[in-house]
Amino acid sequence: MDCSLARTLVRRYCAGEENWVDSRTIYVGHKEPPPGAEAYILQRHPDNRIVSSKYTFWNFIPKNLFEQFRRIANFYFLIIFLVQLIIDTPTSPVTSGLPLFFVITVTAIKQGYEDWLRHKADNAMNQCPVHFIQHGKLVRKQSRKLRVGDIVMVKEDETFPCDLIFLSSSRGDGTCHVTTASLDGESSHKTHYAVQDTKGFHTEEDIDGLHATIECEQPQPDLYKFVGRINVYNDRNDPVVRPLGSENLLLRGATLKNTEKIFGVAIYTGMETKMALNYQSKSQKRSAVEKSMNVFLIVYLCILISKALINTVLKYVWQSEPFRDEPWYNQKTESERQRNLFLRAFTDFLAFMVLFNYIIPVSMYVTVEMQKFLGSYFITWDEEMFDEDSGEGPLVNTSDLNEELGQVEYIFTDKTGTLTENNMEFKECCIEGHVYVPHAICNGQVLPGASGIDMIDSSPGTSAREREELFFRALCLCHTIQVKDDDDVDGPRKSPDSGKSCTYISSSPDEVALVEGIQRLGFTYLRLKDNYMEILNRENDMERFELLEILSFDSVRRRMSVIVKSATGEIYLFCKGADSSIFPRVIEGKVDQIRARVERNAVEGLRTLCVAYKRLNPEEYEGICMLLQAAKVALQDREKKLAEAYEQIEKDLVLLGATAVEDRLQEKAADTIEALQKAGIKVWVLTGDKMETAAATCYACKLFRRNTQLLELTTKKIEEQSLHDVLFELSKTVLRHSGSLTRDNFSGLSADMQDYGLIIDGAALSLIMKPREDGSCGNYRELFLEICRNCSAVLCCRMAPLQKAQIVKLIKLSKEHPITLAIGDGANDVSMILEAHVGIGVIGKEGRQAARNSDYAVPKFKHLKKMLLVHGHFYYIRISELVQYFFYKNVCFIFPQFLYQFFCGFSQQTLYDTAYLTLYNISFTSLPILLYSLMEQHVSIDTLRRDPSLYRDIAKNALLRWRVFIYWTFLGVFDALVFFFGAYFMFENTTVTSNGQIFGNWTFGTLVFTVMVFTVTLKLALDTHYWTWINHFVIWGSLLFYIVFSLLWGGIIWPFLNYQRMYYVFIQMLSSGPAWLVIILLITVSLLPDVLKKVLCRQLWPSATERVQTKNQCLSVEQSTIFMLSQTSSSLSF
């Protein structure tokens, strides 16, 4: 065994694989290699369970409590509650403990329910049945029980349960077709190939007899890369070694199509699958408003501590004079006299903390939770965001981020399936300068096959006709399309006009569009049978071409080729690809005319491809075969060697023409992007697609415009220059026109400065993010970010899922800390959806992974416009008013209590009755602000839709900035001073009742409390723009409830309460005429400064929103005036 292990190591190192040590060995079917072969090393791998949930049954309570008490407010209220339990305080522990328990319980139930849904989804996935081979028989077991090395059978339309190496299929050619919609967003079919030595195993017994081992790399998240090899042991000791690549790998989450069944061996399972490795770990997202609340809370906590400290110091200063500390009517006990001074001072400090703790109300957090939860239903109830075609409406997976929808500065969107429908339509082709459009009419005649040709110049001659047919044949042959088996017929395929159309399947929707377009122009691709491609020409004659080689498409070459042999023995190489890739390799053809047409189509947003060919003699073909074979069998640097071979083969071409295909955008995608840009939001497109395709889509959806100067930061550019030089060159370019001016993040499209668009690919991004030799990477990142800030739009193409998340994180953590939103529809978008501040999934054809892992889900991209510009705007306006108003009304509430201590010897006497203390935030003032935060519309929905620029008024957390916060705080202090001293000066005339009775401290406190309740409620009424009967009912109902409760509590309505200290206090206060006058006067004086400030600011420094409000009010007055005049004139006419 030791010798065999040594032999294996020697063979590996001699083969030049010194660097390939991070690998794993899989024993197919768990069979040990034969004696004398390589050593059997048992390896441990995880099972096939997928876990996307956050909690378990055992850790839910401790983990959830830990997360909740990380919130400053919750931790603070816990401390206050414990203090009330430990020492003798002026108020009961119930006043703090009960609301805290309610908040913690409600939040835990909500988060527990959300995680239960994730558990449910995980269980459904982990328990789905899977067929695998055991002892030559088919056995069924749950997906979670799969192990690495198991041989699995998957049937058509089933999803692969783990990452598999493709061994064999029911198709004779050893291929299968899969859709990876839930992985990379592409709904098109991709072709995968079985291992050459196992593709003939079609039965369970055959597969069970397979003796092989697989050596491959350890799990890594790149969906498009895989390197490995399989050792197949036959009767001989030396195994047959075959290389394995991404074309042999079937990924978990992909779906088998157009293939009856396949067999594969599990190599990566559970959380080691590429799909799972591309999932980001879930973390608690917190909105900017919540962060502001926490900062304000710290400020108010400092104010609270200051108040308690001042009162404690002043208490002992005041008591230092004789007889004040121990008056004759309140003698201390001996134990009280002997207590330590510092201990007494500390206890008094804590008592003052409890007395003033209402300045930070726990009820605010209850109200915020209720507002978020109830407010989220406005999205799900929105009928305009319901999609009739799919029958889907918007979903809210978390309500914690509602207001964040109104603060978005960057949107990162996927392309395929999000911006586009992924439906391609063939528009035209240009051959030798002539433009061919399907279904067009030429000289009043429709050409055969219901097709037509529109000539730019004169009709083509004989040589041009030959080139034209060669072009059509090239498009019929140069592709990887498969024809659906269900439609196979004996003999030639019928032409389109006979009522029988072909069903094409391909990994690229462009290829299907091209073949279907050429079908309408008279040439029909029939099928690939026994390595022969069959096509039908215009005369309905079938032509057969032997398929010799396929030079596959890759993102660096940006082209693909096929080598075919005609029935007459001629060998052709047909090549199609991007214009930048084809033109440099052309030595003949009408390049200028075709280039002009390609550029025109590109400007119109069409996806263009160029087509070329060359004839090969037998000697040239033999040389090509040898070159390709040498590159294919290489295990190290296989891709590099193949690229070098392709480079030598694809040269000296003859240009035939070009095609134009339209990738249909989703409905109103361009309008949505335009509106978002007007709102000051920067839109980035992150896609796994190739650069030309993505750029064409960006033009079509108006992300790039005609005057946009495109800057490239791509692999090709970096190969020509160093990364350092490219970055500095781009930096100089974007800063040249702006000079000393810096482009504002919200400037949108400016006419005064050059409009730039940046294109970057995944490989270039990897170089930017990669640490430099000196260990730093910040320099390149900052330079890259500076370039991006000065670009109106950015396109990132050829992005792996984790790279999308890296881009989002890079912007999110930049020095401006902008609010980011990510939107996508496939599992490849999950990472960026989880990374962004707000993640939105599109409920489409591409699976449910994105929608399930997002914060919100919408049926179409167009719904993003209303979600942000209307719902997000309203959510932010409402909750920012709620937060500021709560702090304001509690400053009004507790500051008089602070002032009162100066008049009661700092004895911790409460100004208000216990019932008023408890019910102020719970009953008297809570409902009006809750209804306001649910229903307020400062401008109409139509206005917000018409004028996206209003979104800028609330950008950068505008309504919760320090200036606004300080204004609300000082307004609360001013009102508190008015309440307290207004009532105090009235009380200088002590005999104010009709019977000569003197008002006591409870009457004084009740008078202050009454003025306060009316003032803060009327302040909210003044701020309300959108009145409904519910607002009226709640605002005036709250005031009425306060009066009724006070009468009840005072023993007027309920005589059994006559024993307590508030007996007849309220009614006695109202029986005094001066008290009525003081209440009305103090309410007016308190509200006056805020009213004056609003009027002056609206007149002198109006915001865009205030100008719109004024305009709407003028229009409303004008319409009502016209209506009244019309009514008056009609009555006079009688």
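## A tour of salt bridges and packed helices

Begin by selecting Glu 468 and Arg 538, both of which are buried; here buried means under 20% relative accessible area, exposed means over 50%, and partly exposed lies in between, with a 1.4 Å probe and protein chains only. The model is predicted, so local features need pLDDT of at least 70 and side-chain atom pairs count only at pLDDT 80 or more, while totals for chains, interfaces and linings use all residues. Residues are numbered from 1 along each chain as its sequence is written, and side-chain values use heavy atoms, with hydrogens and water left out.

Now show the side chains of Glu 468 and Arg 538, which meet in a salt bridge with an N to O distance of 2.7 Å. Because Glu 468 lies in helix H13 and Arg 538 in the loop between strand E21 (532-536) and strand E22 (542-551), the pair ties together parts that are 70 residues apart in sequence. A salt bridge is a side-chain nitrogen of Lys or Arg within 4 Å of a carboxyl oxygen of Asp or Glu, and by this rule the count comes to 43 salt bridges. Helices (H or I, at least four residues) and strands (E, at least two) are DSSP runs, numbered from the N terminus.

Next, select Glu 432 and Arg 467, whose side chains also form a salt bridge, at 2.9 Å from N to O. This pair links distant parts of the chain, 35 residues apart, with Glu 432 in the loop between strand E16 (420-431) and strand E17 (434-436) and Arg 467 in helix H13 (residues 462-477). Glu 432 is buried at a relative accessible area of 10%, and Arg 467 counts as buried at 19%.

Why are Arg 473 and Glu 469 separated by about one helical turn? They are four residues apart in helix H13. Arg 473 counts as buried at 16% relative accessibility, whereas Glu 469 is partly exposed at 22%.

Then move to helix H29 (residues 914-924) and helix H34 (residues 1029-1049), whose axes come within 12 Å and cross at roughly 155 degrees. That angle makes H29 roughly antiparallel to H34. Axes are lines fitted to C-alpha atoms, for helices over the stretch in contact, and angles run from 0 to 180 degrees between N-to-C directions; angles under 35 degrees count as roughly parallel, over 145 as roughly antiparallel, 65 to 115 as roughly perpendicular and the rest as oblique.

To see the packing, colour the residues that make the contact (heavy atoms within 4.5 Å), among them Tyr 916 and Leu 919 of H29 and Phe 1041 and Phe 1045 of H34.

Finish in helix H22 (residues 723-738), where Ser 731 is found. Ser 731 counts as buried at 9% relative accessibility. Leaving aside neighbours within four places in sequence, Ser 731 is in contact with Leu 783 and Ile 787.

Zooming out, the protein has 37 helices and 34 strands, and buried residues make up 55% of its 1134 residues.
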